[in-house]
Amino acid sequence: MQTLRRDLLKVSEAAGVAHPGLLGPRDVEIIDGTRGHKPLAEVYGYQDGWGVPNQQIADEISHLMEHFGEDDASEDHVVQHEELESDEQSA
């Protein structure tokens, strides 16, 4: 599990994001045969915004990853979020 975790962090770093949870369907490509490739979003028909956290949560994840390993990161922290409006409620 530690190796998998390390490797996922390396993949996310290579993609330019702070955490694997921030990888979106346009960040991953599927090899098509021997020479072609397509973004995951195109292969499976993802629409913009699908499969990624909203900006507030993405910012929090990035902030936590930037400060991971600092003195206060060794303490147990719980991040609580207010319930987000669903698309139906905000429409």
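Helices here are DSSP runs of H or I with at least four residues, strands are DSSP runs of E with at least two, and both are numbered from the N terminus. The figures show a predicted model.

**Figure 1. The chain contains 4 helices and 2 strands.** Read from the N terminus, the elements follow the order α-β-β-α-α-α. The chain has 91 residues, and 9% of them count as buried. Its accessible surface is about 7900 Å², and carbon and sulfur atoms account for 50% of that area. Among the contacts between residues at least 6 apart in sequence, 37% join residues that are at least 24 apart.

**Figure 2. Gly 16 is placed in the loop between α1 and β1.** Is Gly 16 buried or exposed? Its relative accessibility is 65%, so Gly 16 counts as exposed, the cut-off being over 50%. What distance separates the C-alpha atoms of Gly 16 and Asp 27? These two atoms are 9.3 Å apart, while the residues themselves are 11 residues apart along the chain.

**Figure 3. Ser 12 is a buried residue of helix α1.** The relative accessibility of Ser 12 is 0%, and Ser 12 therefore counts as buried, a class that means under 20%. Which residues does Ser 12 touch, if those up to four places away in sequence are not counted? They are Val 17, Ala 18, His 19, Pro 20 and Leu 23.

**Figure 4. Strands β1 and β2 form a hairpin.** Strand β2 comprises residues 36-39, and its pairing with β1 is antiparallel, with 4 bridges. Within this pairing, Glu 29 stands opposite Pro 39 of β2. There are 3 residues between the two strands.

**Figure 5. The whole structure contains 2 salt bridges.** Which side chain meets that of Asp 7 in a salt bridge? It is the side chain of Arg 6, with an N to O distance of 2.9 Å. Asp 7 is partly exposed, at a relative accessible area of 32%. Arg 6 is partly exposed as well, and its relative accessible area is 42%. Another salt bridge is formed by Arg 26 and Asp 48, whose closest N and O atoms are 3.2 Å apart. This pair links distant parts of the chain, since Arg 26 belongs to the loop between α1 (2-15) and β1 (29-32), and Asp 48 to the loop between α2 and α3 (55-66), 22 residues apart. Arg 26 and Asp 48 are both exposed.

**Figure 6. Gly 49 is found in the loop between α2 and α3.** Gly 49 has a relative accessible area of 54%, so this residue is exposed, the cut-off being over 50%. How many residues apart along the chain are Gly 49 and Gly 24? They are 25 residues apart, and their C-alpha atoms are separated by 8.5 Å.

**Figure 7. Tyr 46 and Trp 50 form an aromatic pair.** A pair of aromatic rings is described by the distance of the centres and the angle of the planes. The count for this structure is 1 aromatic pair. The ring centres of Tyr 46 and Trp 50 are 6.2 Å apart, and the pair is edge-to-face because the planes stand at 65 degrees, where over 60 is required. Tyr 46 is partly exposed, its relative accessible area being 32%. Trp 50 is also partly exposed, with a value of 45%.

Figure 8. The relative accessible area of Val 43 is 38%, so Val 43 is partly exposed, lying between the 20% and 50% cut-offs.

Conventions
Residues numbered from 1 in each chain as written. Predicted model: local features only at pLDDT ≥ 70, side-chain atom pairs only at ≥ 80, totals over all residues. Heavy atoms only, no water. Buried < 20%, exposed > 50% of the residue type's maximum accessible area, 1.4 Å probe, protein only. Salt bridge = Lys/Arg side-chain N within 4 Å of Asp/Glu carboxyl O. Phe/Tyr/Trp six-rings, centres within 6.5 Å; stacked < 30°, edge-to-face > 60°. Contact = heavy atoms within 4.5 Å. Pairing = 2+ DSSP bridges. Areas by Shrake-Rupley, 256 points an atom, 1.4 Å probe, with all protein chains shown as cover.
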